[in-house]
Amino acid sequence: MKLSSPLLALLAALFLAAWLIPSAYRTLVRPDEGRYAEIAREMAVSGDYVTPTLNGLKYFEKPPLQYWATALAIDTFGLNNFTGRWWPAFTGLLGLLFTWCAARALAGREVAMVTTAVLGAMCYYFLIAHINTLDMGLSAFMTLTLVGMLRGFGVQGQSVTAARGWMVAAWAGAALAFLSKGLIGIVLPGAIFVLYLLMTRQWRLLTRLEWLWGPLVFLLIALPWPLLVQSRNPEWANFFFIYEHFGRFANEEHDRIGSLFYFVPLVIVGLMPWTPALLKLLHRSGWQTLRETYAGATLNVPLFLTIWCVFIFLFFSASKSKLPSYLLPITPAAALLLTPIMLAGSDRSFRRLLLLIAVVPAVLFLMPLARERFVNDAYTPGMVDAFSLYVIVGASFFALAVFAAWQLNRRGRRFDAMLMAAVLATVGGSITASGYEALSPSTSSKQLVQDFLAADPNYSKADPFYSVGLFEQTLQPYLERTTILVDYLDELGLGAAAEPHKVRFNFADFADEWQALERGYAITDFDQLPRFDLHGLEYHVVAADLRRVILARHAAH
């Protein structure tokens, strides 16, 4: 007996609700969420969709596709939590759709449904789809390239015309991945394909790459913006290609270093709750299952997917710049590898898998017992207690996922067991992740801005506003204005060098300017507040939180 159509529809609705609600519910937090929302806000305000700016200064670290999408949403609906981060959630759904297209053609409808749900429930994939970074857009379009190749090289029962269309889609995916995060969207899939050719010697595949339409589509998508931005900003190409790509990979100046094994624990946690199934990939029976599942493809699908995962893992492990989100593009391939193994395993192995998955809710249930350890200068006991409630409810859904899967599998309904477990795990992850909102007063400026505006009704955007010794990434989008940097550059160094009149490079220059103001405002942290007293500056504290303070000169009391 299979799940009924109404129940499948209910599960789909539950999945979509769990997917979309966190994006609208949670406050934007620092640094990435504030940064990318602010770049898009400034783009929407200025109408300049060619030259990205952050805090009014040129910002060339990344390409503009996500900025464009977010700016259009802000321009249409205004800036809020959802418009500020809708693109990662949307491209996360696109990645699920692309993965479904691959699994549907290669393994059938049931495997495709479960594979999609397994990917959506994956910790790595779900969390990054709900954080305003550029990695989900990159991952989604790299997945389009992956799926385009899997289907473009030929699948049993698929027409030649469809195969050619998918290969062109692979080129389009590479172009969109480039516009999402740069050369990495081209280099990685290209290197993986070359490695596959060298290992299998399937040289005839080179003739199926659609050498006419593919490159044409790629150039039509990827080329216009680089030409436009370079024509307006001669410094762009050197900074973007040399400093941001080769420099980021080869040196440690971005302060994102990590050991060679940096990503090992991230993979273990990131693939949860399905990580225990990785063990079956080391067993001959697992590979036999994958070969049988994907036998209808021209490519050796298990080998190609494995190269995809391993090469990306090794590439970023070798890089001098490491962040947890970098490995996200392996998750769709991992879902395509793990799902057939979990569906085809014996009852004994599946029960063992569920017992291992039960570690997830067990750990979540235990976390609130140690909540005192999470209390510090940033997180008050009230914040931690509120977050703990979300964790307990989320853990309950994870436990329910394990229980439901166990019961359905006992009745010989493995497909239903996997689908139910994946959807309920997604709900559990959604609730747990939404609990981060309880900690947002320490990681976002939203409440600080609200307190400031309430305390000073005479504030005007015409008044100068300084960021002294820091750049609080979420202040600008919630305040809906830029600030004047004082004694702080960091990632804004290029923009400051191009337009030095927009910043104050040292505190002394700012101090003279501050004393001459009739009205003005500044944000700083408590550690730097003594500098104001040391220089004898006049100020009035308007609003403060656990870390930061907003000061006014001659503001209304």
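Which residues of α3 are buried?

The model is predicted, so local features are reported only where pLDDT is at least 70 and side-chain atom pairs only at pLDDT 80 or more, while totals for chains, interfaces and linings use all residues. Residues are numbered from 1 along each chain as its sequence is written, and side-chain values use heavy atoms, with hydrogens and water left out.

**Stop 1: helix α3**

Select residues 65–77, which form helix α3. Helices here are DSSP runs of H or I with at least four residues, strands are runs of E with at least two, and both are numbered from the N terminus. The buried residues of α3 are Leu65, Gln66, Tyr67, Ala69, Thr70, Ala71, Ala73 and Ile74. Buried denotes under 20% relative accessible area, exposed over 50%, and partly exposed the range in between, with a 1.4 Å probe and protein chains only. Next, display α2, α4 (81–107), α7 (135–152) and α8, which are among the elements covering those buried residues; contact here requires heavy atoms within 4.5 Å.

A distance between the end C-alpha atoms of α3 gives 19 Å, in agreement with the 18 Å that its 13 residues should span at 1.5 Å a residue. The expected span is 1.5 Å times one less than the number of residues. Step just past the helix to Gly78, where phi is positive, at about 85°.

**Stop 2: two cis peptide bonds**

Select Arg30 and Pro31, which are joined by a cis peptide bond with omega of about -5°. Pro31 lies in the loop that runs between α1 (5–25) and α2. A cis peptide bond also links Met272 to Pro273, with omega of about 10°. Pro273 belongs to the loop between α13 (263–270) and α14 (278–281), and this proline will return at the cavity, where Pro273 is one of the lining residues.

**Stop 3: positive phi outside glycine**

Go to Arg201, in the loop between α9 and α10. Its phi is positive, near 60°, in a residue other than glycine, and Arg201 is exposed at 60% relative accessibility. Then select Asp490, in the loop between β4 (484–486) and α25 (493–498). Asp490 likewise is not a glycine, yet has a positive phi of about 50°; with a relative accessible area of 59%, Asp490 is exposed.

**Stop 4: salt bridges**

Side chains of opposite charge can pair when their charged atoms come close. The structure holds 22 salt bridges, a salt bridge being a side-chain nitrogen of Lys or Arg within 4 Å of a carboxyl oxygen of Asp or Glu.

Begin with Glu38 and Arg41, whose side chains form a salt bridge at 2.8 Å, N to O. The two residues are three apart in helix α2 (residues 32–46), and therefore about one helical turn separates them. Both Glu38 and Arg41 are buried.

Move on to Arg164 and Glu210, a salt bridge in which the closest N and O atoms are 2.8 Å apart. Arg164 sits in helix α8 (residues 160–181) and Glu210 in the loop between α9 (184–200) and α10 (213–222), so the pair ties together parts 46 residues apart in sequence. Arg164 is partly exposed, at 43% relative accessible area, whereas Glu210 is buried at 13%.

Select Arg504 and Glu513 next: their salt bridge has its closest N and O atoms 2.7 Å apart. Arg504 is buried, with a relative accessible area of 18%, and Glu513 is partly exposed at 25%. Now select Arg30, Glu472, Asp545, Arg547 and Arg548, which salt bridges with shared partners join into one network.

**Stop 5: the largest cavity**

A cavity is a set of points, on a 1 Å grid over the protein atoms alone, where a 1.4 Å probe fits but cannot get out; lining residues have an atom within 4 Å of a point. Grid points are joined across faces, edges and corners, and volume is the space filled by probe spheres set on the points. One cavity of 30 Å³ or more is found, and the largest cavity holds about 70 Å³ of space.

To see its lining, select Pro273, Trp274, Phe350, Leu353, Leu354, Ile357, Phe398, Ala401, Val402, Met418, Ala421 and Ala425. Helices α18 (347–357), α20 (381–410) and α21 (414–434) each supply at least two of the lining residues, and α18 gives the most, with four. By class, the lining has 12 nonpolar, no polar and no charged residues. Nonpolar covers Ala, Val, Leu, Ile, Met, Phe, Trp, Tyr, Cys and Pro; charged covers Asp, Glu, Lys and Arg; the others, Gly among them, are polar.

How values were computed
On a 1 Å grid over the protein atoms alone, a cavity is a set of points where a 1.4 Å probe fits but cannot get out, and a pocket is an open set with protein on both sides within 12 Å along at least five of seven lines; lining residues have an atom within 4 Å of a point.
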